[in-house]
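Hello,

I am handing over the structure below. My notes on its salt bridges and its pocket follow.

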Amino acid sequence: MRQRLPKNEELSIVYPISIRDYINALCNKIGLTFKNKEEEFANYDKVINSELYFGLEYTYRDIFDELAQVTASTICLNENDEVEIRYINETNEIIDK
């Protein structure tokens, strides 16, 4: 059985905030490193004007799921336990039966 992350707590950040800075603040809150904190990715510079999740029945995982949609990516933990934004890559591999 997978353990659910706790319900979100107030991040104590100043709004407006960019998507990239918001993800970084979220990672800091839960004790993780955001690998892409200095990189550009889809919608990294779009702005969140006010708190969207505090007080709702959202877990941190739920918030990351929504941020993955906003960034058109997959947000995952990499082999170094860093939060990483990943995109699908063309591998040119053919999968058959």
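**Salt bridges**

Asp65 is partly exposed, at a relative accessible area of 37%. Keep in mind that this is a predicted model. Arg61 is partly exposed as well, with a relative accessible area of 42%. The two side chains meet in a salt bridge, with 3.4 Å from N to O. Asp65 and Arg61 sit four residues apart in helix α2, so about one helical turn separates them.

In general, side chains of opposite charge can pair when their charged atoms come close. How many salt bridges does the count come to? The count comes to four.

Which residues are linked in a network of salt bridges? The network links Lys35, Glu79, Glu84 and Arg86. Two of its contacts involve Arg86, and I list them here:

- Arg86 with Glu84: the side chains meet in a salt bridge at 3.3 Å, N to O.
- Arg86 with Glu79: a salt bridge in which the closest N and O atoms are 3.8 Å apart.

The cut-off for a salt bridge is 4 Å between a side-chain nitrogen of Lys or Arg and a carboxyl oxygen of Asp or Glu, so the 3.8 Å contact of Arg86 and Glu79 counts.

Are Glu84 and Glu79 buried or exposed? Glu84 counts as buried, at 11% relative accessibility, whereas Glu79 is exposed, with a relative accessible area of 65%. Arg86, which forms a salt bridge with Glu79 and another with Glu84, is partly exposed at 34%. Buried means under 20% relative accessible area and exposed means over 50%, so Arg86 falls in between.

**Largest pocket**

The volume of the largest pocket is about 220 Å³. Its lining is made up of 10 residues. Arg61, Phe64, Ile75, Cys76 and Leu77 are the ones that lie nearest the centre of the pocket.

Which elements each supply at least two residues of the lining? They are α2, spanning 60-70, and β4, spanning 74-77. By residue class, the lining divides into eight nonpolar and two charged residues, with no polar ones.

Regards

How values were computed
Residues are numbered from 1 along each chain as its sequence is written. This is a predicted model: local features need pLDDT of at least 70, side-chain atom pairs count only at pLDDT 80 or more; totals for chains, interfaces and linings use all residues. Side-chain values use heavy atoms; hydrogens and water are left out. On a 1 Å grid over the protein atoms alone, a cavity is a set of points where a 1.4 Å probe fits but cannot get out, and a pocket is an open set with protein on both sides within 12 Å along at least five of seven lines; lining residues have an atom within 4 Å of a point. Grid points are joined across faces, edges and corners, and a volume is the space filled by probe spheres set on the points. Ala, Val, Leu, Ile, Met, Phe, Trp, Tyr, Cys and Pro count as nonpolar, Asp, Glu, Lys and Arg as charged, and the others, Gly among them, as polar. Buried means under 20% relative accessible area, exposed over 50%, partly exposed in between (1.4 Å probe, protein chains only).
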